[in-house]
Amino acid sequence: MAAGYAWFLVLGSVFLCNLMKILLPTISSFLSKMVQKDAEQESEMRAEIQEMKKEQSSISMMDEFARYARLERKINKTTDKLKTHVKSRTAQQAKMKWVVSIVFYILQAALMISLIWKYYSDPVTVVPSRWIAPVERLVAFPTGVAGGVGITCWLVVCNKVVTLALNAVS
C-alpha cells in the first residue's frame, strides 16, 4: 500500500499546478518587464512627440511653413519609430508568454507522470468495494486492488475538484 499521505501529496501537487496556471499571465508579464527596458524609451518618445506637437501648435502654418513642415516630418518619424518599438515589445511579450506556458505544461506533465510512476501499483487509498461497485475496476486502475483508488483516478478527481474550487474563488 502507498504511503499514508499519497492522497495529500497528489492533492497538493494538483492544487499548486492549478494555482500556477491561474498565475501564468502575471508571471509571464513580470518576466517580460524584467527582460525589457523599452518601456522607458517609449514613454520618452511619447513625451517628445507631445512636446513637438505642442510646439507645432504654436507655429503659424502660413507664416512659417518650412519650420512647420520640418516639425511635422520629425513628428511622423518619431511616431513611426514608436510604433515599431511597441510592435517589437508586443511580439516579445507574446513570445515570453508562449515560452512560460510551454515550460509550465512540460513541468506539470513531468510531475504528474512521476506521481503516476511512483504510485502505479499501490492504491492511494482503499474504500469499501460497495461504494464504487459499478466502476470499481476503473477507479482502481492501474492497481487492480478491489476497493482501491488508483493514482490516475485520484489525479482526475483532484484536478476537477481543485479547478472548481479555484474558479469559485476567483
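**Why these labels? Questions about a predicted model**

Colleague: What makes Y105 partly exposed?

Modeller: Y105 has a relative accessible area of 41%. Buried means under 20%, exposed over 50%, and partly exposed lies in between (1.4 Å probe, protein chains only). So Y105 counts as partly exposed.

Colleague: What kind of model is this, and which residues count?

Modeller: This is a predicted model, where local features need pLDDT of at least 70, side-chain atom pairs count only at pLDDT 80 or more, and totals for chains, interfaces and linings use all residues. Residues are numbered from 1 along each chain as its sequence is written, and side-chain values use heavy atoms, with hydrogens and water left out.

Colleague: How confident is the predictor in the protein chain?

Modeller: pLDDT is its confidence in each residue, from 0 to 100. The chain averages 85, and 96% of the residues score at least 70. Helices (H or I, at least four residues) and strands (E, at least two) are DSSP runs, numbered from the N terminus.

Colleague: Why is the pair of F104 and Y105 called edge-to-face?

Modeller: The search of the whole structure finds one aromatic pair. The ring centres of F104 and Y105 are 5.1 Å apart, with the planes at 70 degrees. Rings of Phe, Tyr and Trp (its six-membered ring) pair if their centres lie within 6.5 Å; planes under 30 degrees apart are stacked, over 60 edge-to-face, the rest tilted. Therefore this pair is edge-to-face.

Colleague: Is F104 buried or exposed?

Modeller: Buried, because its relative accessibility is 10%.

Colleague: What makes T143 buried?

Modeller: Its relative accessibility is 15%, so T143 counts as buried. T143 is found in the loop between α4 (136-140) and β2 (148-149).

Colleague: Which residues does T143 touch?

Modeller: Contact means heavy atoms within 4.5 Å. Not counting residues up to four places away in sequence, T143 touches Y120, S121, D122, P123 and G150. Its side chain also reaches the backbone oxygen of A140 at 2.6 Å.

Note on methods. A polar contact is a pair of N or O atoms within 3.5 Å; within protein, one must be able to donate a hydrogen and the other to accept it, and residues adjacent in sequence count only if both atoms are side-chain atoms.
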